[in-house]
Amino acid sequence: MKLATLSRKEVIHSLNRKRLRLKIGGFNVCLSSPIPEVADHLLCLYGAFEVVDDEAFIDFYTSLASPSKVRRYFRAQVNFSFDGYVPFKPLPYKQASAMFEWGLNWCIANHSHHYLVIHAAVVERNSQAFIFPGTPGSGKSTLCAALACSGWRLLSDEMTLLSVADGLVYPVPRPISLKNRSLDVIRNFSSNIIMGPVVKDTAKGAVGHVRPSDESVDLGEVPAKPAKLIFPKYLENSNTDLIPLSKSRALLKIAENCFNYNILGVQGFKSVSDLIDASDCYEFNYSCLEEAVALFAELAH
Amino acid sequence: MLENSVIGLPKAAVIRCRFWDDECVIYNQFTGETHLVEGMGAEIFKLISEKSATRTQLLQTIHSVFELETGFDIEDFLDNLILQYQKLGLLDVMENSPA
(Lines give C-alpha, C1' and ligand atoms only; values in the text may rest on other atoms or scores of the structure.)
Protein backbone atom coordinates (compact mmCIF):
# COMPACT_ATOMS: atom_id res chain seq x y z
CA MET A 1 0.00 0.00 0.00
CA LYS A 2 1.39 3.37 -1.01
CA LEU A 3 1.25 6.40 1.25
CA ALA A 4 -0.79 8.28 -1.38
CA THR A 5 -3.70 5.89 -0.79
CA LEU A 6 -4.10 7.26 2.74
CA SER A 7 -6.10 10.40 3.45
CA ARG A 8 -4.54 13.37 5.22
CA LYS A 9 -6.57 12.49 8.28
CA GLU A 10 -5.26 8.91 8.25
CA VAL A 11 -1.63 10.08 7.90
CA ILE A 12 -2.04 12.52 10.79
CA HIS A 13 -3.63 9.75 12.85
CA SER A 14 -0.74 7.35 12.06
CA LEU A 15 1.86 9.99 12.89
CA ASN A 16 0.15 10.67 16.20
CA ARG A 17 0.02 7.00 17.12
CA LYS A 18 3.71 6.33 16.22
CA ARG A 19 2.64 3.98 13.51
CA LEU A 20 3.62 5.62 10.27
CA ARG A 21 6.19 3.26 8.78
CA LEU A 22 7.63 3.89 5.34
CA LYS A 23 9.91 1.84 3.16
CA ILE A 24 12.63 4.20 1.90
CA GLY A 25 15.04 2.34 -0.33
CA GLY A 26 16.38 -0.54 1.74
CA PHE A 27 15.40 1.07 5.04
CA ASN A 28 12.18 0.94 7.03
CA VAL A 29 11.57 4.20 8.84
CA CYS A 30 9.00 4.84 11.54
CA LEU A 31 8.03 8.46 12.12
CA SER A 32 5.82 9.92 14.81
CA SER A 33 4.80 13.54 15.07
CA PRO A 34 1.88 15.61 16.26
CA ILE A 35 2.69 18.29 13.65
CA PRO A 36 0.13 18.38 10.80
CA GLU A 37 2.58 20.08 8.41
CA VAL A 38 4.73 16.95 8.57
CA ALA A 39 1.79 14.96 7.20
CA ASP A 40 1.47 17.46 4.34
CA HIS A 41 5.19 17.18 3.59
CA LEU A 42 4.96 13.38 3.47
CA LEU A 43 1.81 13.31 1.34
CA CYS A 44 3.30 15.76 -1.14
CA LEU A 45 6.72 14.13 -1.46
CA TYR A 46 6.45 10.53 -0.24
CA GLY A 47 3.16 9.56 -1.89
CA ALA A 48 4.79 6.82 -4.01
CA PHE A 49 6.50 5.16 -1.02
CA GLU A 50 5.20 1.90 0.45
CA VAL A 51 3.74 1.89 3.92
CA VAL A 52 5.13 -1.14 5.74
CA ASP A 53 3.10 -3.21 8.15
CA ASP A 54 3.36 -3.20 11.92
CA GLU A 55 5.38 -6.43 12.11
CA ALA A 56 8.16 -5.28 9.76
CA PHE A 57 11.64 -4.64 11.16
CA ILE A 58 12.23 -0.93 11.59
CA ASP A 59 15.72 0.48 10.98
CA PHE A 60 15.09 3.96 12.31
CA TYR A 61 12.48 5.03 14.89
CA THR A 62 12.27 8.80 14.52
CA SER A 63 10.06 11.54 15.86
CA LEU A 64 9.47 15.24 15.43
CA ALA A 65 7.97 17.02 18.41
CA SER A 66 8.22 20.15 20.48
CA PRO A 67 10.95 20.00 23.13
CA SER A 68 8.47 21.13 25.81
CA LYS A 69 4.85 22.17 26.20
CA VAL A 70 5.89 25.81 26.42
CA ARG A 71 7.84 25.56 23.17
CA ARG A 72 4.73 24.25 21.42
CA TYR A 73 3.09 27.64 21.71
CA PHE A 74 5.71 30.25 22.62
CA ARG A 75 8.41 30.67 19.96
CA ALA A 76 7.45 27.18 18.86
CA GLN A 77 10.29 24.75 18.29
CA VAL A 78 10.75 21.22 17.08
CA ASN A 79 13.20 18.45 18.00
CA PHE A 80 14.23 15.50 15.88
CA SER A 81 14.85 12.30 17.80
CA PHE A 82 16.17 8.90 16.83
CA ASP A 83 15.44 6.02 19.22
CA GLY A 84 14.84 8.68 21.87
CA TYR A 85 18.22 10.31 21.25
CA VAL A 86 18.20 13.98 20.21
CA PRO A 87 21.23 14.62 17.99
CA PHE A 88 20.54 18.27 17.12
CA LYS A 89 19.51 21.49 18.80
CA PRO A 90 15.83 22.33 18.29
CA LEU A 91 14.78 24.33 15.24
CA PRO A 92 11.85 26.68 14.66
CA TYR A 93 8.59 24.76 14.39
CA LYS A 94 8.10 25.76 10.75
CA GLN A 95 11.25 23.87 9.81
CA ALA A 96 9.91 20.52 11.04
CA SER A 97 9.67 18.86 7.63
CA ALA A 98 13.15 20.01 6.58
CA MET A 99 14.42 18.74 9.92
CA PHE A 100 12.96 15.32 9.15
CA GLU A 101 15.00 15.18 5.93
CA TRP A 102 18.22 16.31 7.66
CA GLY A 103 17.58 13.96 10.57
CA LEU A 104 17.07 10.99 8.29
CA ASN A 105 20.31 11.86 6.48
CA TRP A 106 22.04 11.75 9.85
CA CYS A 107 20.48 8.38 10.73
CA ILE A 108 21.61 6.80 7.47
CA ALA A 109 25.08 8.34 7.44
CA ASN A 110 25.80 7.28 11.03
CA HIS A 111 24.27 3.82 11.13
CA SER A 112 24.84 2.20 7.75
CA HIS A 113 28.38 0.93 7.90
CA HIS A 114 27.65 -2.04 5.66
CA TYR A 115 27.91 0.69 3.04
CA LEU A 116 30.64 3.15 2.28
CA VAL A 117 28.56 6.32 2.61
CA ILE A 118 29.73 9.01 0.21
CA HIS A 119 28.44 12.57 0.29
CA ALA A 120 27.33 12.43 -3.32
CA ALA A 121 24.29 12.48 -5.55
CA VAL A 122 23.80 9.43 -7.72
CA VAL A 123 21.59 8.81 -10.75
CA GLU A 124 21.37 5.97 -13.24
CA ARG A 125 20.73 5.53 -16.93
CA ASN A 126 21.34 2.47 -19.15
CA SER A 127 22.45 0.50 -16.09
CA GLN A 128 25.26 2.97 -15.37
CA ALA A 129 25.42 4.86 -12.09
CA PHE A 130 26.81 8.39 -12.36
CA ILE A 131 28.11 9.56 -8.99
CA PHE A 132 28.44 13.28 -8.24
CA PRO A 133 30.36 13.90 -5.01
CA GLY A 134 30.40 17.46 -3.85
CA THR A 135 30.60 19.87 -1.02
CA PRO A 136 27.62 22.15 -0.34
CA GLY A 137 27.37 24.79 -3.06
CA SER A 138 29.07 22.66 -5.72
CA GLY A 139 25.79 22.30 -7.60
CA LYS A 140 25.47 18.53 -7.21
CA SER A 141 21.82 18.56 -6.08
CA THR A 142 20.82 21.00 -8.83
CA LEU A 143 22.51 18.81 -11.41
CA CYS A 144 20.95 15.73 -9.89
CA ALA A 145 17.48 17.33 -9.95
CA ALA A 146 17.91 18.33 -13.61
CA LEU A 147 18.95 14.79 -14.54
CA ALA A 148 16.10 13.28 -12.52
CA CYS A 149 13.69 15.63 -14.34
CA SER A 150 15.17 14.39 -17.64
CA GLY A 151 14.34 10.73 -17.17
CA TRP A 152 17.33 9.51 -15.18
CA ARG A 153 16.62 7.22 -12.24
CA LEU A 154 17.31 8.90 -8.90
CA LEU A 155 19.22 6.78 -6.41
CA SER A 156 19.99 9.64 -4.03
CA ASP A 157 20.62 13.36 -4.13
CA GLU A 158 22.67 13.33 -0.94
CA MET A 159 24.26 9.99 -0.09
CA THR A 160 25.75 7.35 -2.31
CA LEU A 161 25.54 4.01 -0.54
CA LEU A 162 28.28 1.77 -1.91
CA SER A 163 27.96 -1.79 -0.64
CA VAL A 164 31.19 -3.07 0.89
CA ALA A 165 30.01 -6.59 0.04
CA ASP A 166 29.40 -6.31 -3.70
CA GLY A 167 30.60 -2.84 -4.77
CA LEU A 168 27.18 -1.86 -6.13
CA VAL A 169 25.37 1.39 -5.38
CA TYR A 170 22.16 0.90 -3.40
CA PRO A 171 19.41 3.48 -3.73
CA VAL A 172 17.79 5.57 -1.08
CA PRO A 173 15.55 7.65 -3.35
CA ARG A 174 14.20 10.52 -1.32
CA PRO A 175 13.05 14.03 -2.13
CA ILE A 176 15.81 16.14 -3.68
CA SER A 177 16.82 18.99 -1.41
CA LEU A 178 17.35 22.33 -3.15
CA LYS A 179 18.41 25.64 -1.72
CA ASN A 180 18.00 29.30 -2.54
CA ARG A 181 18.59 30.07 -6.24
CA SER A 182 18.49 26.40 -7.19
CA LEU A 183 14.77 26.35 -6.40
CA ASP A 184 13.97 28.75 -9.24
CA VAL A 185 16.59 27.23 -11.52
CA ILE A 186 14.86 23.84 -11.33
CA ARG A 187 11.35 25.33 -11.51
CA ASN A 188 12.42 27.02 -14.75
CA PHE A 189 14.19 23.90 -16.01
CA SER A 190 11.17 21.62 -15.81
CA SER A 191 7.46 22.26 -15.55
CA ASN A 192 6.79 18.65 -14.53
CA ILE A 193 8.32 18.71 -11.08
CA ILE A 194 6.39 18.51 -7.85
CA MET A 195 7.95 20.67 -5.18
CA GLY A 196 6.96 20.72 -1.53
CA PRO A 197 6.55 23.91 0.47
CA VAL A 198 9.67 26.07 0.65
CA VAL A 199 10.96 26.58 4.18
CA LYS A 200 12.60 29.96 4.57
CA ASP A 201 15.24 31.27 6.96
CA THR A 202 16.86 27.93 7.75
CA ALA A 203 20.59 27.78 8.50
CA LYS A 204 21.01 26.93 4.81
CA GLY A 205 18.66 29.66 3.57
CA ALA A 206 15.43 28.81 1.76
CA VAL A 207 15.04 25.05 1.36
CA GLY A 208 12.59 23.10 -0.77
CA HIS A 209 12.28 19.48 -1.84
CA VAL A 210 11.46 17.92 -5.21
CA ARG A 211 9.42 14.73 -5.26
CA PRO A 212 11.30 11.74 -6.70
CA SER A 213 9.75 10.00 -9.69
CA ASP A 214 7.48 7.03 -9.00
CA GLU A 215 9.80 4.83 -11.06
CA SER A 216 12.80 5.77 -8.90
CA VAL A 217 10.83 4.92 -5.76
CA ASP A 218 9.57 1.63 -7.23
CA LEU A 219 13.17 0.62 -8.01
CA GLY A 220 14.23 1.60 -4.49
CA GLU A 221 15.88 -1.75 -3.77
CA VAL A 222 17.51 -2.32 -7.16
CA PRO A 223 21.24 -1.49 -7.07
CA ALA A 224 23.25 -0.02 -9.93
CA LYS A 225 26.79 -0.55 -11.12
CA PRO A 226 29.10 2.46 -10.72
CA ALA A 227 30.33 3.80 -14.06
CA LYS A 228 31.28 7.48 -13.78
CA LEU A 229 32.62 9.53 -10.92
CA ILE A 230 32.14 13.21 -11.64
CA PHE A 231 33.11 16.05 -9.32
CA PRO A 232 30.84 18.95 -10.31
CA LYS A 233 31.43 22.62 -9.78
CA TYR A 234 28.91 25.27 -10.68
CA LEU A 235 30.77 28.35 -11.94
CA GLU A 236 28.75 31.31 -13.11
CA ASN A 237 29.10 31.91 -16.88
CA SER A 238 31.55 29.02 -17.26
CA ASN A 239 31.68 26.71 -20.26
CA THR A 240 30.58 23.11 -19.91
CA ASP A 241 33.89 21.34 -19.29
CA LEU A 242 34.40 17.68 -18.52
CA ILE A 243 38.02 17.24 -17.48
CA PRO A 244 39.56 13.77 -16.94
CA LEU A 245 40.85 13.30 -13.41
CA SER A 246 43.58 10.84 -12.43
CA LYS A 247 42.28 7.86 -10.50
CA SER A 248 44.66 8.43 -7.59
CA ARG A 249 43.47 11.99 -7.12
CA ALA A 250 39.86 10.89 -7.48
CA LEU A 251 40.44 8.36 -4.69
CA LEU A 252 41.68 11.06 -2.32
CA LYS A 253 38.75 13.31 -3.18
CA ILE A 254 36.28 10.49 -2.57
CA ALA A 255 37.90 9.64 0.76
CA GLU A 256 37.42 13.28 1.80
CA ASN A 257 33.75 13.10 0.82
CA CYS A 258 32.94 9.93 2.78
CA PHE A 259 31.07 9.92 6.07
CA ASN A 260 32.58 6.63 7.27
CA TYR A 261 35.86 6.07 5.40
CA ASN A 262 37.84 6.18 8.66
CA ILE A 263 35.36 3.98 10.47
CA LEU A 264 35.60 1.26 7.82
CA GLY A 265 39.42 1.39 7.85
CA VAL A 266 41.09 -0.95 5.39
CA GLN A 267 37.68 -2.08 4.11
CA GLY A 268 36.89 1.55 3.31
CA PHE A 269 40.14 1.88 1.35
CA LYS A 270 39.35 -1.32 -0.57
CA SER A 271 35.81 -0.15 -1.36
CA VAL A 272 36.97 3.25 -2.58
CA SER A 273 39.76 1.66 -4.65
CA ASP A 274 37.35 -0.79 -6.26
CA LEU A 275 34.94 2.06 -7.01
CA ILE A 276 37.77 3.99 -8.66
CA ASP A 277 38.74 0.91 -10.70
CA ALA A 278 35.17 0.58 -11.94
CA SER A 279 34.66 4.25 -12.81
CA ASP A 280 35.86 6.85 -15.26
CA CYS A 281 36.77 9.92 -13.22
CA TYR A 282 36.24 13.56 -14.12
CA GLU A 283 36.01 17.08 -12.83
CA PHE A 284 33.10 18.98 -14.30
CA ASN A 285 32.56 22.73 -14.56
CA TYR A 286 29.20 24.02 -15.68
CA SER A 287 26.79 26.90 -15.67
CA CYS A 288 24.17 25.69 -18.18
CA LEU A 289 22.00 22.78 -17.02
CA GLU A 290 20.71 21.98 -20.52
CA GLU A 291 24.25 21.51 -21.80
CA ALA A 292 25.17 19.42 -18.78
CA VAL A 293 22.17 17.12 -19.21
CA ALA A 294 22.89 16.70 -22.94
CA LEU A 295 26.53 15.86 -22.24
CA PHE A 296 25.68 13.20 -19.66
CA ALA A 297 23.01 11.69 -21.92
CA GLU A 298 25.72 11.29 -24.55
CA LEU A 299 28.14 9.85 -21.99
CA ALA A 300 25.56 7.27 -20.86
CA HIS A 301 24.60 6.29 -24.41
CA MET B 1 73.84 6.25 4.07
CA LEU B 2 71.60 3.37 3.03
CA GLU B 3 74.16 1.54 0.89
CA ASN B 4 73.73 -1.81 2.59
CA SER B 5 70.01 -1.65 3.11
CA VAL B 6 67.06 -3.70 1.97
CA ILE B 7 63.83 -1.78 1.58
CA GLY B 8 60.45 -3.46 1.91
CA LEU B 9 56.88 -2.98 3.05
CA PRO B 10 56.45 -3.20 6.84
CA LYS B 11 56.34 -6.82 7.98
CA ALA B 12 53.03 -6.39 9.76
CA ALA B 13 50.49 -6.22 6.96
CA VAL B 14 49.46 -2.64 7.63
CA ILE B 15 50.08 -1.12 4.22
CA ARG B 16 47.78 -1.36 1.22
CA CYS B 17 48.91 0.01 -2.15
CA ARG B 18 46.91 0.62 -5.33
CA PHE B 19 48.56 1.72 -8.57
CA TRP B 20 47.12 3.69 -11.46
CA ASP B 21 49.36 4.89 -14.29
CA ASP B 22 52.40 6.53 -12.68
CA GLU B 23 50.67 7.19 -9.37
CA CYS B 24 50.12 5.16 -6.27
CA VAL B 25 47.78 5.51 -3.31
CA ILE B 26 48.90 3.98 -0.05
CA TYR B 27 46.73 3.28 2.98
CA ASN B 28 48.39 2.92 6.37
CA GLN B 29 46.15 0.82 8.57
CA PHE B 30 48.01 1.84 11.76
CA THR B 31 47.52 5.58 11.29
CA GLY B 32 44.38 5.50 9.10
CA GLU B 33 46.13 7.89 6.72
CA THR B 34 45.91 7.74 2.94
CA HIS B 35 48.90 8.95 0.90
CA LEU B 36 49.24 9.88 -2.76
CA VAL B 37 52.65 9.01 -4.13
CA GLU B 38 53.81 10.02 -7.60
CA GLY B 39 56.81 9.64 -9.86
CA MET B 40 59.88 8.01 -8.31
CA GLY B 41 58.02 7.25 -5.10
CA ALA B 42 55.40 5.28 -7.02
CA GLU B 43 58.16 3.29 -8.74
CA ILE B 44 59.71 2.45 -5.39
CA PHE B 45 56.42 1.12 -4.05
CA LYS B 46 55.66 -0.74 -7.29
CA LEU B 47 58.91 -2.63 -6.84
CA ILE B 48 58.83 -3.29 -3.11
CA SER B 49 55.14 -4.23 -3.05
CA GLU B 50 56.15 -7.32 -5.04
CA LYS B 51 59.34 -8.10 -3.16
CA SER B 52 61.79 -6.28 -0.89
CA ALA B 53 64.61 -4.67 -2.86
CA THR B 54 68.11 -3.49 -2.18
CA ARG B 55 69.01 0.15 -2.60
CA THR B 56 71.05 -0.84 -5.65
CA GLN B 57 68.00 -2.51 -7.24
CA LEU B 58 65.90 0.58 -6.58
CA LEU B 59 68.53 2.76 -8.21
CA GLN B 60 68.66 0.48 -11.24
CA THR B 61 64.87 0.66 -11.60
CA ILE B 62 64.86 4.44 -11.34
CA HIS B 63 67.61 4.72 -13.94
CA SER B 64 65.67 2.47 -16.29
CA VAL B 65 62.38 4.40 -15.92
CA PHE B 66 63.42 8.03 -15.58
CA GLU B 67 65.70 10.23 -17.63
CA LEU B 68 67.74 11.99 -14.99
CA GLU B 69 69.38 15.35 -15.49
CA THR B 70 73.15 15.37 -15.57
CA GLY B 71 74.54 16.21 -12.16
CA PHE B 72 71.37 15.25 -10.32
CA ASP B 73 72.34 13.42 -7.14
CA ILE B 74 69.90 10.56 -7.39
CA GLU B 75 71.46 8.56 -4.57
CA ASP B 76 70.99 11.38 -2.07
CA PHE B 77 67.48 12.04 -3.38
CA LEU B 78 66.52 8.37 -3.10
CA ASP B 79 67.87 8.07 0.43
CA ASN B 80 65.90 11.10 1.56
CA LEU B 81 62.74 9.78 -0.08
CA ILE B 82 63.13 6.39 1.60
CA LEU B 83 63.73 7.96 5.00
CA GLN B 84 60.63 10.14 4.62
CA TYR B 85 58.49 7.11 3.78
CA GLN B 86 60.05 5.24 6.67
CA LYS B 87 59.06 8.06 9.05
CA LEU B 88 55.49 7.78 7.80
CA GLY B 89 55.56 4.04 8.49
CA LEU B 90 55.04 3.18 4.84
CA LEU B 91 58.16 1.04 4.46
CA ASP B 92 60.88 -0.66 6.48
CA VAL B 93 64.61 -0.25 6.00
CA MET B 94 66.58 -3.33 7.00
CA GLU B 95 70.26 -3.99 7.06
CA ASN B 96 71.37 -6.25 4.22
CA SER B 97 73.10 -9.01 6.13
CA PRO B 98 75.63 -11.01 4.15
CA ALA B 99 74.49 -14.49 3.13
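A salt bridge, as counted here, is a side-chain nitrogen of Lys or Arg within 4 Å of a carboxyl oxygen of Asp or Glu. The model on screen is predicted, and the tour begins inside chain A with one such pair.

**Stop 1: a pair in chain A.** Select A:Glu101 and A:Arg174. Their side chains form a salt bridge, with 2.9 Å from N to O. That distance is within 4 Å, so the pair meets the definition.

**Stop 2: the two domains.** Colour residues 3-111 of chain A as domain 1 and residues 115-300 as domain 2. The centres of these domains, taken over C-alpha atoms, are 25 Å apart. Domain 1 of chain A brings 23 residues to the contact, and domain 2 of chain A brings 29 residues.

How much area is buried between domain 1 and domain 2 of chain A? The value is about 2000 Å², and carbon and sulfur atoms give 68% of it.

**Stop 3: the domain 1 side.** Select strand S1 (20-24), helix H2 (36-45) and helix H4 (96-111) of chain A; each gives two or more residues to the side of domain 1 that touches domain 2. H4(A) gives the most, with eight residues. By class, this side of domain 1 of chain A has 13 nonpolar, seven polar and three charged residues.

**Stop 4: chain B against chain A.** Next, show both chains. The contact between them takes 12 residues from chain B and 15 residues from chain A. About 1300 Å² is buried between chain B and chain A, with 61% from carbon and sulfur atoms. Pick out B:Arg18, B:Trp20 and B:Tyr27, which supply 49% of the area that chain B buries against chain A, more than any other three residues.

**Stop 5: polar links between the chains.** The interface of chain B and chain A has four salt bridges. To see one of them, select A:Arg249 and B:Glu23, whose closest N and O atoms are 3.6 Å apart. Seven residue pairs are in polar contact across the interface of chain B and chain A, both at pLDDT 80 or more.

**Stop 6: the chain B side.** Which strands of chain B each supply at least two residues to the side that touches chain A? They are S2 (15-20), S3 (23-28) and S4 (33-38). S3(B) gives the most, with four residues. This side of chain B has five nonpolar, three polar and four charged residues.

Terms used:
Residues numbered from 1 in each chain as written. Chains lettered and ligands numbered in written order. Predicted model: local features only at pLDDT ≥ 70, side-chain atom pairs only at ≥ 80, totals over all residues. Heavy atoms only, no water. Contact = heavy atoms within 4.5 Å. Buried area = accessible area lost by both parts, 1.4 Å probe. Polar contact = N/O pair within 3.5 Å; in protein donor to acceptor, adjacent residues only side chain to side chain. Nonpolar A, V, L, I, M, F, W, Y, C, P; charged D, E, K, R; others polar. Domains from an automatic or database assignment.
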